[in-house]
Amino acid sequence: MSVIVLLIAVSVLVAGGFLIAFLWSVKSGQMDDDYTPSIRMLFDDEVKDTNHRQNKK
Amino acid sequence: MQERCYHCGAECDEKIILDNKFFCCDGCKLVFQLLDENGMCQYYDLTNMPGMSAKGKYASEKFNYLDSEAIQDQLIQFKSGDQAHVVFYLPQIHCVSCVWLLENLSKINPGIIHSQTQFEKKEIKIIYKPSAISLKELVQLLAFVGYEPMIHLGGNDWMKRKKVNRKQLLKIGIAGFCFSNIMMLSFPDYLSANIEELGTLRPFFIYLNLLLSLPVLLYSAKDFFISAYTGLRQKWLNIDAPIALAILVTFGRSVFEIVTQTGAGYLDSMSGIVFFMLIGRWFQDKSYDSFSFDRDYTSFFPLGVTAMEAGKEINKPLSKIEKGEILLIRTDEMIPADSIVLTDGALVDYSFVTGENAPIEVPKGATIFAGGIQKGRAIQLEVVKSVGQSYITELWNSPILKTEKNTEKSFVHPWSQYFTIVLFGIAISSGLYWWMVDSNKILPAVTSVLIVACPCSLLLTVTFTYGNVLRHLGKSKMYCKNASVLEAMEKIDTIVFDKTGTLTNHEDTHLEYIGAALSVEECIAIKSVTRESLHPLSQLITQYFNSVSTLKAVDTIQNFVGKGTQAYIGSTEILIGSSSFLKMMGVEMNSEIVGSSVFLAVNGIFKGVFKVNHIYRQGVGEMVQHLKLKGYQLYLLSGDHAAEILNLNNLLGSDVTMLFEQSPNDKLNYIQELQNQGHKVMMVGDGLNDAGALQKSDVGVAVTDQTHLFTPASDAILEGSMIPQLHNLIDYAKKGKLIIILIFILSLIYNLVGMYFATRAQLSPMVAAILMPVSSISIVSLSALLSFLLFSSLRSRS
């Protein structure tokens, strides 16, 4: 049965890891804006295009 | 078919073509070229015609005041070595393209290191190198691409809000973590048929639970204890007091059971309740971030002005401006303080102050009031009163406004008081009963009653219902400051309207021509002349002759600033302007027309008058009738002259009290008089002239046609197009209380069930653990359902 103690300790630790991740994300301001990131992720990267231009020059 | 501008979507009068694309003006073309050169045409791919019209807007000297160090210090949040951080409010942000362009500004100017927007708050944070680009150049760039920042005296209040928000999230996160883990660890206890089977694992589970409940008690639930304590110190039992008591009793009893090894306690119920209540508060408090409800005059005034000292232009922060100083006010700049006009050409738009939007000509030597916007050329002024003492700003210092608003406590608190009294009654009587029957069960029975019947369901009902109502109102474009506005709205019996901009539409003006009929030739000539001028009235006349498509070249044109225009087309002379201008030019006429109007003479002969009429919003009449039926007393306070009284009588009915030529102070005093008579007043108005009245009234509703425009301090912001729906919106806001009562009855049933177990001293942790989430979830979903049903029935009515 003592393996359950170990398993529970691990599960609480894992959950605690997620809690810490959440606390960190709130403190670093990731939750301040819950709309713009959804727009931002739709932008295409233009990296190729700009490289092309620079090569020409 | 008319081509639309590739940049801003405006109709193109002139054909400016570049790369097979049409542009309405050179400004828009320049912005396009700039973006094209930097390979940023994705701006146009993301949204069709995303740009802001750049027509006649850009004046680079406008931002000269940003060179002043004192002003820079106010704006820059953080500066170290080669980096500076600054945040601007950009009300123009409206689409995906905006976000894309603003976040790629570094492609245009390498001095910008990073820029990040917040769409809902309409803010941009820019990190830049002050050595490579000055603050002024940065703002000029933003303004050039069409996003001119709003820079005002009373700027950054947003930092505080953000901090509060984060703390609330942290508390919810911790409570959620602890709640779910405690719940999981409690399962073996509930589910095993024989507790003995668990053996040594049981104490391990229980003590782990106790450990997990500590952060909930000490951190997440902190606000309840603080609020209960401050309430009790003021000898006032608020809703948090019984909640705090229930949390403490639950925790105490659980610890007792654990230590004496008689049970597992109710720690899962306790943390669950705290978690749900915190979510409820967060749900109710989610605010409209892009609006500000607490603006005083400082938000309307510019941060800096140009002063003249010894013939030189000096940029000064507005707060340093004193009596006797000479100011230079350019086109489209605001007059920051009551002053005397020193030069010719003052043409002032007081629409901000009075609601009247036709510019007024102010002669040299006359007094000009703060809050007006100069429409003519640059003028010089001598300040006679400091900014804080000017006519319009003095309103805010009025002692009438110093009294606090909405200090009345929510109806929830008295309810929770009755609730608490009944609760104690039950607890004491069940205690007495067990004292006579079996004294071992006194403590379990009494504590169970307190655990089960905590008024948290009442708090949940209130927070979620108001949260839902606020959201639905927001969908109908009525944005309330907070939930207490809804309660205040419920008590309203009197509604006061402003006229201009509230019942009429600011933008929608209707031009009426009174006088001798005009020939086609004359129409063409007039349009050819008026389209040369940027004066707002000329533009209205140009629009009036929309059907005229042919135009003629104007041979000579002479503008008399603030007076009118004289122009020749061939041999035809056109005179357009004020009546005094026409008289000055030797035109004979007699016309008595009040209000904003433009006089016209062709070849020296008076032809007629273009009169500007405001159009009343459609459906205003019906809305007023509905409100009357509901028993509201209605008033109209207008800063305008009484010329419209007949129209208004027809529209609103003669039983609406109407007062004209009301100064901002008159309005404020009138509201106070109504309140002194015991009325609860809602003020519906716009502009600075209503600012005092909006603030004094029990519910101040600021009307705006563009939500990004500044509205004075108010309790709610209503989009102008929704004015005809006002009666429905008020109705819906009032329904909140009905929903709360209905759901509260439901939660009483849950309480009775729990009480049945509790008074028999039979409340097992499992019953508590089932009852708690079931009641919370059903309350939340019922509240959402009811508020949605009522809202959709309101929509179908409109």
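Predicted model: local features only at pLDDT ≥ 70, side-chain atom pairs only at ≥ 80, totals over all residues.

User: Which residues in α17(B) are buried?
Analyst: They are A483(B), V485(B), L486(B), E487(B), A488(B) and M489(B). Helix α17 of chain B covers residues 483–490, and six of its eight residues are buried, so the helix is largely enclosed by the rest of the structure.

User: What does "buried" require here?
Analyst: A residue is buried if 20 or more other C-beta atoms lie within 10 Å of its own.

User: How do the axes of α17(B) and α26(B) cross?
Analyst: Their axes come within 8 Å and cross at roughly 105 degrees. That makes α17(B) roughly perpendicular to α26(B), because angles of 65 to 115 degrees are classed this way.

User: Which residues meet there, in α17(B) and in α26(B)?
Analyst: From α17(B) there are L486(B), M489(B) and E490(B), and they meet I730(B), A733(B), K734(B), G736(B) and K737(B) in α26(B). By class, this contact of α17(B) with α26(B) has four nonpolar, one polar and three charged residues.

User: And what about α26 and α27 of chain B: at what angle do they cross?
Analyst: Helix α26 (residues 726–759) and helix α27 (residues 765–797) of chain B cross at roughly 160 degrees, and their axes come within 10 Å. That makes α26(B) roughly antiparallel to α27(B), since the angle is over 145 degrees.

User: Is that crossing left-handed or right-handed?
Analyst: The crossing of α26(B) and α27(B) is right-handed. The residues of this contact divide into 16 nonpolar, six polar and three charged.

User: Let us step back. How many helices and strands are in chain B?
Analyst: Chain B contains 27 helices and 28 strands. Of its 798 residues, 43% count as buried. Among the contacts in chain B with a separation of 6 or more, 66% come from residues 24 or more positions apart.

User: What domains does the assignment give for chain B?
Analyst: The domain assignment gives domain 1 (60–151), domain 2 (161–286 + 409–465 + 735–797), domain 3 (302–335 + 338–382) and domain 4 (477–505 + 616–734).

User: How far apart do domain 1 and domain 3 of chain B lie?
Analyst: Their C-alpha centres lie 27 Å apart. The contact takes 10 residues from domain 1 of chain B and eight residues from domain 3 of chain B. The side of domain 1 that touches domain 3 has four nonpolar, three polar and three charged residues.

User: How many residues of chain B are in contact with chain A?
Analyst: There are 19 residues of chain B in contact with 23 residues of chain A. The elements of chain B that give two or more residues to its side are α4 (96–103), β5 (112–118), α7 (158–191) and α8 (201–220).

User: Which element gives the most?
Analyst: α7(B) gives the most to the side of chain B that touches chain A, with seven residues. By class, that side of chain B has nine nonpolar, seven polar and three charged residues.

Methods. Residues numbered from 1 in each chain as written. Chains lettered and ligands numbered in written order. Domains from an automatic or database assignment. Contact = placed C-beta atoms within 7 Å. Nonpolar A, V, L, I, M, F, W, Y, C, P; charged D, E, K, R; others polar. Axes fitted to C-alpha atoms, helices over the stretch in contact; angles between N-to-C directions. Helix = DSSP H or I, 4+ residues; strand = E, 2+ residues; numbered from the N terminus. Parallel < 35°, antiparallel > 145°, perpendicular 65-115°, else oblique. Left-handed = near helix turned anticlockwise from the far one by under 90°. Buried ≥ 20, exposed ≤ 12 C-beta atoms within 10 Å, placed from the backbone.
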